[in-house]
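Welcome, and please open your viewer. We will go from one selection to the next and look at what is there.

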Amino acid sequence: MPAPLPAIETFPSLRAWQRKALVEYLRRRDPDFTAVATPGAGKTTFALRIAAELLVDGTVDAVTVVAPTEHLKTQWALAAARIGIQLDAAFRNADLHSSADFHGAVVTYAQVGMAPHVHKRRTLTRRTLVILDEIHHAGDSRSWGDGVKAAFEPAVRRLMLTGTPFRSDDNPIPFVTYERGGDGLLRSRADSVYGYSDALRDGVVRPVLFLAYSGETRWRTNAGDELAARLGEPMTQDLVAQAWRTALDPAGDWMPQVLRAADARLTVLRKAGMGDAGGLVIASDQQNARSYAKLIEQVTGEKAVVVLSDDAGSSARIATFSASDQRWMVAVRMVSEGVDIPRLAVGVYATSASTPLYFAQAIGRFVRARRPGETASVFLPSVPHLLGLASEMEAERDHVLGKPKEQEGFDDDLLERAQRDDQASGELEKRFTALSATAELDQVIFDGASFGTAAQAGTPEEEEYLGLPGLLTADQVSLLLSKRQAEQIAAQRRRAATRTAEPVAAAPPPPMSAAQRRVALRRQLNALVAARHHRTGQPHGKIHAELRRLCGGPPSAQATIEQLEERIATVQTL
């Protein structure tokens, strides 16, 4: 006896973007439809509603969901079961067909790539809707992309979903539509787009504050030379990579200080109304993950849940953590995409991965809103490339084929190799030894704008930012950050005035370093942007975006001294 059809009338109400996209889908009735929606917007609910509509009206007889990971297979099956669609999450390639108790199955891209003929046979047997979750994974390797294309070309309908920037490689993604632009390059075209800025305006996602920490780092090269650098200062990519890895070293002071600050922020959120708020540390590798968990226990007195992607029982530990009120989880990769833990509100980005795709996936774990006013806070190293990604949270990226390859601010291949476990005693590890690192709050990034000046860890100035109220609207966040920055600058001026109250024959001040000049120029630019905001009512982020359009260059968090000076001159003429 076939599984009963879902009851459309009992389906949960849809958000505005979901209703609009559903109407467009049902109106067009095309075989392929691509929906891009920010993490936390409700792509799963949207896709299951389409599946229910097509099952009920007889357009399809079966549903196949293709997900990136084993854990997400279970998550999809549970979500579908809640609205009356039964999907077999335990389906194996050797099974050939699902039981009649199910409307279909959930499989992984790897599963399809291993045996596309099995899934093609299943697709030919019954009229099938195929939901391709995080469709960019079909471009991960030629075998996956070719397997997906071969298996699901006979499908009656295909629904492609993604919530993150498309890949930067040249592998075409199956069933995604590409259109040639004026520059002659092919770009992906989505049929429905719901970005982070749209979701933030609608209150669907939380405002995200990025707290960037710099600090002094020291390490020894394989030649025995000791080097020192300030995290966040302009330097070569090799030096940035080594300073970054030194900061993330569990044996240094940077990670304990940042974890202490993150836990203090978590406590503020819990006291402010998010009583079950949780924190997540995203680590580069298993060894660091375990070390960070020990640091968290030392800092908080409470054990952290550790999730390693290849451990048996990882999915069960994620589910248990999601339903509990435990404070911290430490994970390697597994929770970077798709995994739904709505109570996550504080993150520590303690990984060297820096592609736009990975960064967006990671930040997507913290943005899901459960009630009005919830905010998220992500702590990250003050590395120019990461600061740029944090400043461009609202950017929407299409997949471009044939574009000349440019380095996106950092050698991600080098960092990816650094993350692999087999490199623990490899060449990269031998090239230098981390000696020490200290942390200080460099800046707070919100809505594309940078706020604050350097504040040592553990000082009242740092506490002013860590203690921001937990329940705020996006406008209130901007207002409070501007106020905090103004108070910080005023306090610094008062201290300077006190020191110079008695006239003395003092030597001229020493010339500022490049880092000090950038801090001073950033402060001046933010003050001018704030003044224009108060005059015009325009959001800080839009003013910064307009300055970038007029002057060119990256976000102010990673702009050069010359670019900052040009923007200061420009904003004074607006």
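With which side chain does the side chain of T59 make a polar contact? Select T59 and R29: their side chains make that contact at 3.3 Å. Keep in mind throughout that this is a predicted model.

T59 counts as buried because its relative accessibility is 17%, and the cut-off for buried is under 20%. Leaving aside residues up to four places away in sequence, T59 touches R29, L54, R127, V156 and R157.

Next, select strand β10, residues 208-221. Of its 14 residues, 11 are buried, so the strand is mostly covered by the under 20% cut-off. Now bring in its partners one by one:

- β16 (residues 376-381) runs parallel to β10, with six bridges joining them; look for L209 opposite S377.
- β19 (residues 440-446) is antiparallel to β10 and joined to it by five bridges; Y213 has L441 as its bridge partner there.
- β18 (residues 432-437) is also antiparallel to β10, again with five bridges; here R220 stands opposite T433.
- β11 (residues 226-231) pairs with β10 in the antiparallel sense over six bridges, and R218 faces A228.

Zoom in on the hairpin that β10 and β11 form, with four residues between them. In its turn, G224 has a positive phi of about 90 degrees.

Finally, select F46, I131, F210, Y213, W254, V348 and F379: these have the most contacts inside the largest nonpolar core, which has 127 residues. Apart from that core lies another of 21 residues, including L132, A151, F152 and I173.

Notes: Residues are numbered from 1 along each chain as its sequence is written. This is a predicted model: local features need pLDDT of at least 70, side-chain atom pairs count only at pLDDT 80 or more; totals for chains, interfaces and linings use all residues. Side-chain values use heavy atoms; hydrogens and water are left out. A nonpolar core is a set of buried Ala, Val, Leu, Ile, Met, Phe, Trp, Tyr and Cys residues joined through side-chain atoms within 4.5 Å. Buried means under 20% relative accessible area, exposed over 50%, partly exposed in between (1.4 Å probe, protein chains only). A polar contact is a pair of N or O atoms within 3.5 Å; within protein, one must be able to donate a hydrogen and the other to accept it, and residues adjacent in sequence count only if both atoms are side-chain atoms. Contact means heavy atoms within 4.5 Å. Helices (H or I, at least four residues) and strands (E, at least two) are DSSP runs, numbered from the N terminus. Two strands pair if DSSP finds at least two bridges between them.
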